[in-house]
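Reader: Thanks for sitting down with me over this one. Could we walk through its pockets and helix contacts together?

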Amino acid sequence: MPDLKISLITVSFNTERTIECCIQSVLAQSFKNVEYIIIDGSSTDNTLQIIHKYKQDIQILVSEPDKGIYDAMNKGIKMATGEIIGMLNADDYFTEANVLRDIADQFILNNALITYGDLDFVNSKGRVVRKWRSGKYFPGLFNWGWMPPHPTFYCKKELFQQFGYYSLEYGTAADYELMLRFMHKNRVSAFYLNKVLINMKIGGISNKSLYNRVKGLLFDLKAMRNNGIKAPLLGLLFKPIRKISQYF
């Protein structure tokens with residue numbers, strides 16, 4: 001098989017409770033042609049001390065103030081030298097050791113531009129509390145509130161160069177907007193990897209309060225309107241409804 005490098009980016013800020021589990025799940029991967037990049041937002045807890053324990057296995061480490069998680073992701077993407085870009089949040093971790101191998105195979109065997117998979121939400125004890133099963137994508141599915149789980153989303157670096165990076169004007173919906181822009185607006189084909197790739201710990205920024213939930217919905221609506229969703233209000237209605245099935 002041809003050589004292929006995955007640039008994996010972890011963004012962190014005061015994540016001393018979770019960052020070690022995240023890093024260890026990366027180092028345990030059977031696929032080794034990984035450029036691991038950590039972009040830290042000048043953490044003030046023990047995050048950096050933990051990261052430095054593994055510095056020999058981290059190819060790029062930056063710690064400096066930023067404009068938030070998506071600004072940090074953009075920094076990492078621009079520094080990356082791999083053909084494939086993926087994100088692993090500091091409070092998430094891979095489900096098993098062959099995740100990156102299976103993702104790499106999708107790009108090599110199918111000549112994919114984008115691949116994505118499934119995700120489990122877990123509590124502090126690691127127990128699964130929600131299951132996000134994406135299913136196969138087909139054009140127009142975003143019109144009905146569908147989206148892939150962003151932590152499972154991997155794509156060719158050239159797509160960022162062609163269609164742009166994460167836009168900070170969409171707040172917590174910047175990841176949704178980028179996937180919408182790539183897959184729906186610009187019709188980039190995507191392959192579905194029918195496998196749970198990521199364990200995601202519950203309690204993200206966008207879900208911490210009613211205010212943040214409402215604000216997040218407004219960002220979603222803006223993303224839909226700016227990326228060609230046929231009926232944005234209908235899409236906005238279906239988006240949270242789809243989450244109900246994740247509890248069963």
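Reader: What volume does the second largest pocket have?

Author: Happy to start there. This is a predicted model in which local features need pLDDT of at least 70 and side-chain atom pairs count only at pLDDT 80 or more, while totals for chains, interfaces and linings use all residues. Residues are numbered from 1 along each chain as its sequence is written, and side-chain values use heavy atoms, with hydrogens and water left out. On a 1 Å grid over the protein atoms alone, a pocket is an open set of points with protein on both sides within 12 Å along at least five of seven lines, and the volume, the space filled by probe spheres set on the points, is about 150 Å³.

Reader: Which elements give two or more residues to the lining of the second largest pocket?

Author: Lining residues have an atom within 4 Å of a point, and here they are Val-26, Leu-27, Gln-29, Phe-31, Lys-32, Val-34, Tyr-36, Asp-57 and Gln-59. Helices (H or I, at least four residues) and strands (E, at least two) are DSSP runs, numbered from the N terminus. The elements you want are α1 (19-27) and β2 (34-40).

Reader: And which strand gives the largest share of the lining of the largest cavity?

Author: A cavity is a set of points where a 1.4 Å probe fits but cannot get out, and the largest cavity has a volume of about 30 Å³. Ile-85, Gly-86, Met-87, His-150, Phe-153, Phe-160 and Tyr-166 line this cavity. The largest share, three residues, comes from strand β4 (residues 84-87).

Reader: Are α6 and α7 roughly parallel or roughly antiparallel?

Author: The axes, lines fitted to C-alpha atoms over the stretch in contact, with angles from 0 to 180 degrees between N-to-C directions, come within 10 Å for α6 (residues 174-185) and α7 (residues 210-226) and cross at roughly 20°. Angles under 35 degrees count as roughly parallel, over 145 as roughly antiparallel, 65 to 115 as roughly perpendicular and the rest as oblique. The α6 and α7 pair is therefore roughly parallel.

Reader: Which residues of α7 make the contact with α6?

Author: Contact means heavy atoms within 4.5 Å. From α6, the contact uses Tyr-176, Glu-177, Leu-180 and Lys-185. Their partners on α7 are Asp-220, Ala-223, Met-224 and Asn-226.

Reader: How are α7 and α8 oriented to each other?

Author: Helix α8 (residues 232-244) packs against α7 with the axes 9 Å apart, at an angle of about 135°. The two helices are therefore oblique.

Reader: Which residues of α8 make that contact with α7?

Author: On the α7 side we find Leu-217, Asp-220, Leu-221, Met-224 and Arg-225. Facing them, α8 brings Pro-232, Leu-233, Gly-235, Leu-236 and Lys-239.
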